[in-house]
Amino acid sequence: MARVYNFSAGPAVLPEEVLKEAAAEMLDYQGSGQSVMEMSHRSKVFDKIIKDAEQDLRDLLNIPDNYKVLFLQGGAHLQFAMIPMNLMKNKVADYIVTGQWAKRAFKEAQKFGDAKCIASSEDKTFSYIPDCSDLLIDENADYVYICENNTIYGTKFKTLPNTKGKDLVADVSSCFLSEPMDVSKYAVIYGGAQKNIGPAGVVIVIIREDLITEDVLPGTPTMLQYKTHADNDSLYNTPPCYGIYICGKVFKWLKKQGGLEVMKERNEKKAAILYDFLDQSKLFKGTVEKNSRSLMNVPFVTGDADLDAKFIKEATEAGFVNLKGHRSVGGMRASIYNAMPIEGVEKLVAFMKKFEEENA
Ligand SMILES: *Cc1c(COP(=O)(O)O)cnc(C)c1O
């Protein structure tokens with residue numbers, strides 16, 4: 001069996017240890033005689049799985065007691081709608097548009113009220129994070145929205161925007177658990193699991209309790225109200241049981257690695273290997289302004305579409321897969337999430353050096 005080095009942006013690489021454990025438990029989860037896929041979501045066994053997952057996530061992020069953790073479905077895309085439906089009490093919200101995902105969230109919110117774009121980096125193909133220290137924030141804004149790490153463009157907020165006292169809502173899909181974060185600075189944090197946490201099908205929402213109310217936009221379906229899920233500990237309907245189980249294993253794996261401080265150090269080291277190479281390469285170039293660079297998603301180009309295609313083809317043959325950039329930007333993108341081992345990045349850079357010499 002040969003595992004590849006998988007640089008996919010998502011669904012993405014998972015820790016090999018986690019996959020092996022799941023494989024070993026496939027036919028008989030801890031003496032239950034069933035796989036987790038087959039058991040009732042109301043069983044004692046599954047109850048422990050979801051409660052442990054929540055507690056481990058709380059430990060990793062130091063989530064304050066006045067925040068709820070929800071395991072939901074519908075991906076990040078459903079949150080683009082749930083957020084305005086549940087939070088737009090004044091029907092006003094301010095969006096910072098730093099990429100395609102933020103733009104989609106912004107467009108979705110416009111269906112529900114007066115959503116405004118208060119800052120954008122679209123003028124330079126989203127290659128930087130705009131200065132958000134003194135934005136024109138509406139005094140009636142129900143929240144300010146950001147996409148904290150822009151998966152497609154490879155940018156990340158290094159400081160949070162000054163929301164002038166308004167609640168901050170953040171899509172952290174592609175940087176979830178890559179480094180510590182101060183949950184108390186946010187009103188809502190959410191992310192799809194399939195980037196840095198687990199399989200597709202689970203979206204995790206961390207939401208301050210006072211925002212969970214019955215006062216939602218008229219017509220909001222029961223399933224799209226945070227209160228429905230909060231009141232039922234994410235078990236109002238059948239949750240994505242198997243996905244939650246794998247997420248739980250990844251949380252335990254992260255704790256075993258030493259937690260998020262250790263992951264941050266490791267992620268900085270991994271990213272530096274790639275960025276340092278890009279900064280001195282005569283063939284490859286990073287596409288992002290230095291002070292906005294993501295630790296998780298690293299886009300780069302040669303400047304020649306044919307050479308990009310040749311690189312991707314040869315890299316794939318050598319076992320470095322899913323390096324093609326997003327269809328909207330082209331070039332290459334290496335996603336180097338928590339589960340990408342450091343030797344994966346070292347070997348990729350060695351391969352890039354060799355390619356550069358051969359194609360000089
Ligand atoms: C992948 C991604 C999305 C879209 O996620 P879906 O699960 O496909 O809805 C949204 N935001 C960010 C930051 C992403 O990386």
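Which helix gives the most to the shell around the ligand? I looked that up before anything else, keeping in mind that this is a predicted model. It's helix α3, residues 75-87, which puts 4 residues into the shell.

**Entry: around the ligand**

I went through the shell next. There are 13 residues around the ligand, and H77, T151, D171, Q194 and K195 come nearest. Sorted by class, I get 7 polar, 4 nonpolar and 2 charged residues in that shell.

H77 has a polar side-chain atom 2.5 Å from a ligand oxygen. For T151, an N or O atom of the side chain sits 2.4 Å from an oxygen atom of the ligand. K195 also has a side-chain N or O atom at 2.5 Å from a ligand oxygen.

**Entry: M223**

Now for a single residue. I found M223 in the loop between β10 (203-208) and α5 (226-231). Is M223 buried, partly exposed or exposed? Its relative accessibility is 36%, so it counts as partly exposed, because that class runs between 20% and 50%.

What does M223 touch, leaving out residues up to four places away in sequence? I noted M82, H229, Y236 and N237.

How values were computed: Residues are numbered from 1 along each chain as its sequence is written. This is a predicted model: local features need pLDDT of at least 70, side-chain atom pairs count only at pLDDT 80 or more; totals for chains, interfaces and linings use all residues. Side-chain values use heavy atoms; hydrogens and water are left out. Helices (H or I, at least four residues) and strands (E, at least two) are DSSP runs, numbered from the N terminus. Buried means under 20% relative accessible area, exposed over 50%, partly exposed in between (1.4 Å probe, protein chains only). Contact means heavy atoms within 4.5 Å. A residue is near a molecule or strand if one of its heavy atoms lies within 4 Å of it. A polar contact is a pair of N or O atoms within 3.5 Å; within protein, one must be able to donate a hydrogen and the other to accept it, and residues adjacent in sequence count only if both atoms are side-chain atoms. Ala, Val, Leu, Ile, Met, Phe, Trp, Tyr, Cys and Pro count as nonpolar, Asp, Glu, Lys and Arg as charged, and the others, Gly among them, as polar.
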